Amino acid sequence: MKYSVKAPAKINLTLDVLHKRDDGFHEVKMVMTQVDLADRLDFEHRSDGKIVVEISGGSLPLDERNLAYQAALLLQKETGTTQGASIYIHKHIPVAAGLAGGSSDAAATLKGLNQLWELSLSKERLAHLGATLGSDVPFCVYGNTALATGRGEKIQPISSPPPCWVILAKPPISVSTKDIYQRIQSFHPAEATEKMIQAITARDYNKMCATLYNALEEVTLSLHPEVRRIKERMISSGVDAALMSGSGPTVFGLVQKESRVRRVYNALRGFCDQVYAVRLITDKIKK
Ligand SMILES: C[C@](O)(CO)[C@H](O)COP(=O)(O)OP(=O)(O)OC[C@H]1O[C@@H](n2ccc(N)nc2=O)[C@H](O)[C@@H]1O
Ligand SMILES: Nc1ncnc2c1ncn2[C@@H]1O[C@H](COP(=O)(O)OP(=O)(O)OP(=O)(O)O)[C@@H](O)[C@H]1O
């Protein structure tokens, strides 16, 4: 039996950072959603009990450093199963981009092997296990759109935002999530996230655009002026609103008018190699 699972990229519509915690993590409150740029993972049973990872479309370590490998080992350890698996990752999400590509692969592995190995673990249990791999993994287990709190691992699904196009532009730099969090100077109440939930519940696209907010954005933009230039270029090319995702460096722009998507895409392509025109995953086009 072979199973295929999609692993979509995420974007943060809001990311409020409330305070630094004693365990070194930051207390956050954020609205996360997914776009239809996705890796695909295929799972095949192995009777030798081994976990073997192969990848196409990118070069990443295939051993314990790979988050899909880590997720598979974790499931073996937690359930005591002696079953193994071959995991084929078809990589489409840019790596270390702020789009949670690795976290989504880990979540897809938890879901795919739960089926392949007939473990019958609940989504809650998979999300709980996923939290030990990374703060974004529980959201990726649930998918769609959600409020994430705690260090990002407490997930409350919410309704889908109004449908729109999303232009993603990733500059050729990498940032350390840990470093960006550590550089935050001041903390604020989670006002943007509260307003975003209201905008989404009311299916108010304009209010959603007006409410985009990421507390990490200013930190990354001040360290990397090229990210700021991409955001400015996106705004001048006619997106309805733009924001950096996660700790960056990818910037996303929201566009509702389909006729404008090509213009924005072309304006960015002349500026940046990795540009994608995708759609939000909403109830209408649920993957
Ligand atoms: C920036 C976001 O992607 C937004 O969704 C997440 O907050 C980060 O999620 P992630 O990449 O899964 O992060 P993790 O692998 O759990 O943590 C990486 C590092 O980021 C910092 N970190 C992460 C999450 C958080 N709430 N506070 C933090 O301070 C910690 O120093 C941690 O060691
Ligand atoms: N299957 C995987 N796909 C992508 N990256 C992986 C994977 N496994 C391990 N990694 C490692 O994880 C790190 C972060 O990669 P990822 O693409 O998840 O970053 P990100 O988009 O910035 O994540 P986040 O938005 O959750 O902070 C990279 O250093 C990468 O080498």
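Is Asp136 buried or exposed? I began with this residue and found 26 C-beta neighbours inside 10 Å, so Asp136 counts as buried.

I am working from a predicted model. I noted a mean pLDDT of 96 for the protein, with 99% of its residues at 70 or more. The scores I wrote down are ipTM 0.97 and pTM 0.97.

**Annotated site.** I looked up the UniProt record, an unreviewed entry, and its "active site" annotation covers Lys10 and Asp136.

**Asp136.** I located Asp136 in the loop between helix H3 (123–130) and helix H4 (137–142). Setting aside neighbours within four places in sequence, I listed its contacts as Lys10, Ala100, Ser103 and Gly152.

**Lys10.** I placed Lys10 in strand S1, residues 2–20. I count Lys10 as buried because 26 other C-beta atoms lie within 10 Å, and the cut-off is 20 or more. With neighbours within four places in sequence left out, I found Lys10 in contact with Met32, Thr33, Gln34, Leu99, Ala100, Ser104, Asp136, Phe139 and Cys140.

**Helix H2.** I checked the length of helix H2, residues 101–116. At 1.5 Å a residue, its 16 residues should span 22 Å, and I find its end C-alpha atoms 22 Å apart, which agrees. I also looked at burial: H2 is mostly covered, with 15 of its 16 residues buried. After H2 I noted Glu118, which has a positive phi, near 50 degrees.

**Domains.** I took the division of the protein as domain 1 (2–157) and domain 2 (165–285). I recorded 22 Å between the C-alpha centres of domain 1 and domain 2. Across the boundary, I found 28 residues of domain 1 in contact with 35 residues of domain 2.

Which elements give two or more residues to the side of domain 1 that touches domain 2? I found S1 and strand S2 (26–46). S1 gives the most to that side, with 10 residues. Sorted by class, I have 16 nonpolar, nine polar and three charged residues on the side of domain 1 that touches domain 2. I note that S1 also holds Lys10.

Terms used:
Residues are numbered from 1 along each chain as its sequence is written. Chains are lettered from A and ligands numbered from 1 in the order in which they are written. This is a predicted model: local features need pLDDT of at least 70, side-chain atom pairs count only at pLDDT 80 or more; totals for chains, interfaces and linings use all residues. UniProt positions are given in the numbering used here, feature names are shortened, and annotations may be inferred rather than shown by experiment. Helices (H or I, at least four residues) and strands (E, at least two) are DSSP runs, numbered from the N terminus. A residue is buried if 20 or more other C-beta atoms lie within 10 Å of its own, exposed if 12 or fewer, and partly exposed in between; C-beta atoms are placed from the backbone. Two residues are in contact if their C-beta atoms, placed from the backbone, lie within 7 Å. pLDDT is the predictor's confidence in each residue, from 0 to 100. The expected span of a helix is 1.5 Å times one less than its number of residues. Domain bounds come from an automatic or database domain assignment. Ala, Val, Leu, Ile, Met, Phe, Trp, Tyr, Cys and Pro count as nonpolar, Asp, Glu, Lys and Arg as charged, and the others, Gly among them, as polar.
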